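Student: I have a new model to read. Please take me through it feature by feature.

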Amino acid sequence: WESDMKSMTYNAPDVAAQKAASLVSREQMEHFKLLDLGTGTGISGVALRRAGFLGDISALDGSPGMLKLAMEKGTYSDETEHLLTSSNPLPYPDQSFDMVVSVSSFTKHHIESDCLEDVLRVLKPLSYLIATVRFDRHMQDYKARFYNELDRLEAAGLIKICSRDKYLHYRWDEVSDEFEVNFEDQYAHVLVLQKSGNN
Ligand SMILES: C[S@@+](CC[C@H](N)C(=O)[O-])C[C@H]1O[C@@H](n2cnc3c(N)ncnc32)[C@H](O)[C@@H]1O
């Protein structure tokens, strides 16, 4: 995964980390407790440290192999092997985190949109979930489910959708046309969702 990503220039971890940093004060950066949801090999943890987060960052991933690589980077305070589904909620108490960052993990065959409400549960009131989400041609069903769920959560007063910015997720300059790439698929969204103050 990491070597594939290097050949394409994978921007998502830094985009998410910079977005996260833009939402907090210098003081909050020093002690905020973060969850990196769908940690993978831990590139996002490195990006969060680079962006200035100094507090605990918890790693959670369904794959033990990915977690092992992530922990070797030395950036995470603890690791949890857990496959998040609607029937297998996160193994953390309510309101455990000051922020959740999830890079490329809310996607088809990974974390489903019906898990969003459980992610909100582990966030403190008024805290943020920052998620990068790709919506290429092969993910139209997922996109519909994801945005329906965001609309439902917002209508129920559980979240505020603060921003949704398009960014260049991969740079494919060196990928040749023989792979039939659609260059629009290089883009993704970085979303900022704020948990409401009354749940
Ligand atoms: C596309 S990778 C992204 C990894 C990392 N965030 C990054 O940007 O490099 C998605 C990760 O989410 C994990 N994952 C997928 N579905 C999951 C689930 N339901 N619960 C926990 N982890 C999951 C996978 O094991 C994988 O490591």
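**Reading the fold**

Tutor: Along the sequence, the protein chain follows the pattern α-α-α-β-α-β-α-β-β-α-β-α-β-β. This is a predicted model: local features need pLDDT of at least 70, side-chain atom pairs count only at pLDDT 80 or more, and totals for chains, interfaces and linings use all residues. Residues are numbered from 1 along each chain as its sequence is written.

Student: How many helices and strands does the protein chain have?

Tutor: Helices (H or I, at least four residues) and strands (E, at least two) are DSSP runs, numbered from the N terminus. Here there are 7 helices and 7 strands.

Student: Which way do strands β2 and β3 run, parallel or antiparallel?

Tutor: Two strands pair if DSSP finds at least two bridges between them. β2 (residues 57-61) and β3 (residues 78-81) are parallel, joined by 4 bridges. D61 stands opposite E81 in β3.

Student: Which residues are closest to the ligand?

Tutor: A residue counts as near if its C-beta atom, placed from the backbone, lies within 6 Å of the molecule. The ligand has 20 residues around it, the closest being G38, G40, G62, V103 and H110. Elements giving two or more residues to this shell are α2 (12-22) and α4 (43-51).
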